[in-house]
Amino acid sequence: MEKPEVWPLEKLLTHAFENAAIWTRPYLRQKVEGNLSLPILKDDEEPSHNLDALIVIGGGVLIDKAKVWRKENNPMMQLIAVPSIWGSGAENSPIAVLNEGGKKIIYIGPEFLPDVRVIWNELAEGLSEDLVKYACGDVWAHTLEGFLSPIASDEVRNELAGVIKILEGLPIRNEPAWFEVSAQACAGQARSSVGLVHGIAHTLEGLLKKKYPGTYFGHAQLCAVYLWPVFSLNIKLTDKVYKLFNLYGINKAKVIEILKQFFDEPVYDIGLPVLQENWRSVLRDPSSRTNCALIRPDHLSHFTNKEF
Amino acid sequence: MNNKEKLRDLLIDVFLLEDSEFHFDLKREDVDTWDSLGVVSLAVGIQETFGYHLEPEEALTISGVQDIIKILEAKGISFDGET
């Protein structure tokens, strides 16, 4: 798979761009303005179709939006992706996920891969502990589900096993090392698939936001919260998980210890009625259908009875 | 539960069918969830239920339930001649 060129931050900040602009979020504007002297698009403004380069600085949602925008409007434009937080790995993935009408639409193809990615550690400074924790959970979800996927090749499994071993030693807190690990995790997972954690997150996110307007429910949060419940179901249903762990030298006790740290019972309990009402939609989600174990309708009881 | 019943339950769950929609002459083209992702789920389910690893080349030859039965019977998994 092609990969984006990796620029050090200094190159981004000193590069002589011509006919370029920045697409970022309002809360990052001040930090960006102080370092890059290029036009910054307003929050609801779309890039010009004539741009030669677009620097998108933000989370996975904005980066994916820019990836799809480029494909549809200006495919020759250089796209430089600078994540403000880890988790989605959108800056290093040929996959883009957009929310359209409360549903997730997934785009896949080399045209969705940015040309360049840059790690800018300072962008993650000041993030809340919760957001950091959810982002770390998102990285774990991509890595584990990609590793365990029934369509993962030996090569991808080997790569992701390496990522898991790094993650085992990475504390769940605001550490710059998470940016690169996240990028590697998503590059591997993009050549594999995800599983039930993502099936649940994709299904529930829009529904929870609608049911509880004004309350935060995000993709990374849901992935983090459901990591342990889903993993515990997978190990109950199949011996494949531990066989793969043994084959690739992954410390299962350590992984379980870490996954349990992401579980948030109050958030889980809020989501549970929505999960129950929409379980068939979860089963139909493309991500759920590539889970490492077959998920059946009666497996809902694992979640409703908290059998983990 | 005999193998016939296991297969029936498996396919109902894999393809998210209602009980009334299933019959042993079901073809892939009759089931909208029997797509490429459905084939992945099917392979996972066959492994879990019958202990048989379906090769990708075999999965491509499956056009209906009877093809699944033929493949499994060839591997010594009996369906008691009742399908």
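1. Let me start with a charge and a ring. The charged end of Lys252(A) sits over the ring of Tyr242(A), 4.5 Å from the ring centre. Keep in mind throughout that this is a predicted model.

2. Over all chains, the structure holds 20 aromatic pairs.

3. Trp86(A) belongs to the loop between β4 (78–83) and β5 (95–100) of chain A, while Trp178(A) is in helix α6 (residues 177–189) of chain A, so the pair ties together parts that are 92 residues apart in sequence. Both partners are buried: Trp86(A) has 3% relative accessibility, and Trp178(A) has 0%.

4. How do α8(A) and α9(A) pack? Helix α8 (residues 219–237) of chain A meets helix α9 (residues 240–247) of chain A at an angle of about 95°, with the axes 7 Å apart. That angle makes α8(A) roughly perpendicular to α9(A). On the α8(A) side the contact is made by Phe231(A), Asn234(A) and Ile235(A), and on the α9(A) side by Val241(A), Tyr242(A) and Phe245(A).

5. Now the largest nonpolar core, which has 65 residues. Which of them touch the most other members? Those are Trp140(A), Leu144(A), Phe147(A), Tyr226(A), Phe231(A), Leu275(A) and Phe303(A). Helix α8 of chain A gives the most to this core, with 11 residues. Apart from this core lies another, of 29 residues, and among its members are Leu7(B), Leu11(B), Leu26(B) and Ile69(B).

6. If you leave aside neighbours within four places in sequence, Phe231(A) is in contact with Leu144(A), Leu148(A), Val241(A), Phe245(A), Val255(A), Ile256(A) and Leu259(A).

7. Over in chain B, have a look at the loop between α1 (3–14) and α2 (36–50), where Thr33(B) has its place. Is Thr33(B) buried or exposed? With 5% relative accessibility, Thr33(B) counts as buried. Not counting residues up to four places away in sequence, Thr33(B) touches Arg284(A) and Arg289(A) from chain A, plus Phe15(B) and Gly38(B).

8. Two backbone angles to check. Most residues other than glycine have a negative phi. Leu16(B), in the loop between α1 and α2 of chain B, has a positive phi near 55°, and this residue is buried at 7% relative accessible area. Lys306(A) has a positive phi too, near 50°; Lys306(A) lies in the segment after α13 (300–304) of chain A and is partly exposed at 27%.

9. Last, a surface position. Pro8(A) is in the loop between β1 (5–7) and α1 (9–14) of chain A, and at 51% relative accessibility Pro8(A) counts as exposed; the cut-off for that is over 50%. Pro8(A) and Leu222(A) are 214 residues apart in sequence and, C-alpha to C-alpha, 32 Å apart in space.

Note on methods. Residues are numbered from 1 along each chain as its sequence is written. Chains are lettered from A and ligands numbered from 1 in the order in which they are written. This is a predicted model: local features need pLDDT of at least 70, side-chain atom pairs count only at pLDDT 80 or more; totals for chains, interfaces and linings use all residues. Side-chain values use heavy atoms; hydrogens and water are left out. Rings of Phe, Tyr and Trp (its six-membered ring) pair if their centres lie within 6.5 Å; planes under 30 degrees apart count as stacked, over 60 as edge-to-face and the rest as tilted. Helices (H or I, at least four residues) and strands (E, at least two) are DSSP runs, numbered from the N terminus. Buried means under 20% relative accessible area, exposed over 50%, partly exposed in between (1.4 Å probe, protein chains only). A charge sits over a ring if NZ of Lys or CZ of Arg is within 6 Å of the ring centre and within 35 degrees of the ring normal. A nonpolar core is a set of buried Ala, Val, Leu, Ile, Met, Phe, Trp, Tyr and Cys residues joined through side-chain atoms within 4.5 Å. Contact means heavy atoms within 4.5 Å. Axes are lines fitted to C-alpha atoms, for helices over the stretch in contact, and angles run from 0 to 180 degrees between N-to-C directions. Angles under 35 degrees count as roughly parallel, over 145 as roughly antiparallel, 65 to 115 as roughly perpendicular and the rest as oblique.
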